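The sequence and structure are shown first.

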Amino acid sequence: MSSATQDVAAPGVAAREAARRRTFAVISHPDAGKSTLTEALALHAAVISEAGAVHGKAGRRGTVSDWMEMERNRGISITSSALQFSYGDAVVNLLDTPGHADFSEDTYRVLAAVDAAVMLLDAAKGLEPQTLKLFEVCRAGKVPIITVINKWDRPGREPLELLDEIEKTIGLRPTPINWPVGIAGDFRGLLDRRTGEYVRFTRTAGGATAAPQEVLKPVEAFEREGDVWETALEESELLEASDSDHDQEGFLEELTTPVLFASAVQNFGVRQLLDALVEAAPSPAPRPSVSGERRPLDAPFSAFVFKVQAGMDTAHRDRVAFARVCSGVFERGMVVTHGSTGKPFHTKYAQSMLGRERSTLDLAYPGDVIGLVNANALRVGDSLYVDEPVEYPSIPSFAPEHFSVVRAKDVGRYKQFRRGIEQLDHEGVVQVLRSDLRGDQAPVLAAVGPMQFEVAAYRMEHEFGAAVSLEPLEYQLAMRTDPDAAPKLSRLPGAELLTRSDGQALALFVNRWRLSTVAREHPELTLEPLVGGR
Ligand code: GDP
């Protein structure tokens, strides 16, 4: 061991590095401004590295050209799986939650690898469906939430009304860190509710650079903004009276959510978000294993795989497994043990992405993400470790909303078909459901997003040599039930019972109304939501 190597792995280093890390993801509905916010965050910070980046959004719709320039100059790409940057003494890991057309089970799985989430809302729209789904996954995983109300530079809703909606819809008590001065569309600045100061909004051309901060004392704020400042002050005082000040314990227990107002496109309110993340969001903590014990941060290296990405365009064997480090120090070249097979795994090819090209990653600490290339044996949920074995809990499978019957196009290739389906199921590419009625030749594939079917069909044909046909089913939701329900459900229209490969019985329904009718008419049936559930 060289002395340099000894230093990075010295006792206490992993815990010390973990303490300054914040690992989070942004949950939002498409178009709320996630990409814009990511760009804005990167502007405020020094980008260190990125892990991954295979499929991203094509092109950056409507974002400033300076960003593209910056992307070229500094070699960053926001399409990556994880973006790492430093902010003051902190190291921030921002994990991507793919949305839009590439919304899939992977989007949910990412949330198993973060310590906090930023819930980004459009000031004019409030809570939207995809945000709610992602929120439910966070709630199931006990991930604390910071709320950002974005696009305050554009006409939108009343701030108090937005807070009310948050509290009523998701049950978290909103505790604003700052308060907007000026209504949505007339964004003058922010009232910092902790210091009472006014952070004036100074526009920059297209939000190209981090806006300079002008901080004014309340008296000066009143002189400049008059009634508009008074209104903000009154509303903020009203909040104080209703127990809406930041509550760190409540936040960590997912009872409250700190709220910030921002305009990502103008780069305003973004520094406040970074400060809130550093001050309030938890740093990586010792992770419990299946035995319930927590492996200390300073224990030898361990990690779990939360996402596996197969390169669809390149050689089909090129697979990248993304793992979150849980303990110890990761050094490239390490030989780690792959928990589920007990076999050694060589990490010579551990990589991160810098710009559009892969670059190697040399060191990583708890909270960081490592991208392992050619990781064909690694599956979602697998544990990796050095020295003392550890097994982290598997990542739950999520409530599917899309269902398709899959069949081999060529019945003569049934053997390949069966092997392929088993493999895709095992890897978590899709969920596989079966019933005696449908038989083994025509199982049902279930997914969170339809893109998972495309990936499955592509791999069935190109990797397993069994081209498939997919026949979409009209079901839209699945509930947890017990196998005894089968005879009853099979007689009801608009419902069906299938068994997932992990043995869980699922009741499928064509829509929510059908479900409520069945639940009402058959109170004896167990029908429980699957959100984030096993
Ligand atoms: P995503 O789908 O959540 O990644 O959203 P984008 O970041 O692509 O933003 C969607 C659209 O909203 C783009 O046209 C952005 O320029 C715009 N946008 C994002 N943030 C803001 C904001 O703070 N104010 C305004 N006015 N527009 C914004």
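## Ligand shell

The residues of the shell around the ligand comprise four nonpolar, seven polar and six charged; Ala, Val, Leu, Ile, Met, Phe, Trp, Tyr, Cys and Pro count as nonpolar, Asp, Glu, Lys and Arg as charged, and the others, Gly among them, as polar. Of the 17 residues around the ligand, those that come nearest are Gly33, Lys34, Ser35, Thr36 and Val265. A residue is near a molecule or strand if its C-beta atom, placed from the backbone, lies within 6 Å of it. Helix α3 (residues 34-43) supplies the largest share of this shell, with three residues. Helices (H or I, at least four residues) and strands (E, at least two) are DSSP runs, numbered from the N terminus.

The model is a predicted one, in which local features need pLDDT of at least 70 and side-chain atom pairs count only at pLDDT 80 or more, whereas totals for chains, interfaces and linings use all residues. Residue numbers start from 1 along each chain as its sequence is written.

## Burial of α3 and the chain as a whole

In α3, 10 of the 10 residues are buried, so this helix is largely enclosed by the rest of the structure. A residue is buried if 20 or more other C-beta atoms lie within 10 Å of its own, exposed if 12 or fewer, and partly exposed in between, with C-beta atoms placed from the backbone. The buried residues of α3 include Lys34, Ser35 and Thr36, which are also among those nearest the ligand.

The chain contains 15 helices and 31 strands, and buried residues account for 47% of its 534 residues. Of the contacts between residues at least 6 apart in sequence, 73% join residues at least 24 apart; two residues are in contact if their C-beta atoms, placed from the backbone, lie within 7 Å.

## Gly99

Gly99 is located in the loop between β4 (90-95) and α5 (105-110). Gly99 is buried, having 22 other C-beta atoms within 10 Å. Leaving aside residues up to four places away in sequence, Gly99 touches Pro30, Lys34, Thr107 and Gln130. Gly99 and Gln130 are 31 residues apart along the chain, and their C-alpha atoms are separated by 8.7 Å.

An open sheet is formed by four strands in the order β8-β9-β10-β11, with antiparallel pairing; two strands pair if DSSP finds at least two bridges between them. From one strand to the next, the twist averages 30°. Axes are lines fitted to C-alpha atoms, for helices over the stretch in contact, and angles run from 0 to 180 degrees between N-to-C directions. Strand β10 (residues 198-200) is joined to β11 by three bridges, and Tyr198 has Leu216 of β11 as its bridge partner. Helix α9 (residues 227-241) packs on this sheet, where it touches β8, β9 (189-192) and β10, and its direction makes about 150° with that of β8.

Helix α8 (residues 218-225) packs with α9 at an angle of about 130°, the axes being 6 Å apart. This makes α8 oblique to α9, since angles under 35 degrees count as roughly parallel, over 145 as roughly antiparallel, 65 to 115 as roughly perpendicular and the rest as oblique. Ala221, Phe222 and Glu225 of α8 meet Val228, Trp229 and Glu230 of α9 in this contact. By class, the contact has four nonpolar, no polar and two charged residues.

## Strand β16

Eight of the nine residues of strand β16 (residues 319-327) are buried, so this strand is largely enclosed by the rest of the structure. Five bridges connect β16 to strand β23 (residues 369-373), and the two run antiparallel. Arg324 stands opposite Val369 in β23.

## The seven-stranded sheet

Seven strands make up an open sheet with the order β28-β25-β27-β26-β30-β31-β29 and antiparallel pairing. At the edges stand β28 (468-472) and β29 (477-481), each with a single partner strand, so one side of each is left without a neighbour in the sheet. The twist averages 40° from one strand to the next.

Helix α12 (residues 414-427) packs on this sheet and touches β25, β26 (431-434) and β28, its direction making about 150° with that of β25. Helix α15 (residues 512-521) lies across β29, β30 (495-500) and β31 (505-509), and runs at about 25° to β29.
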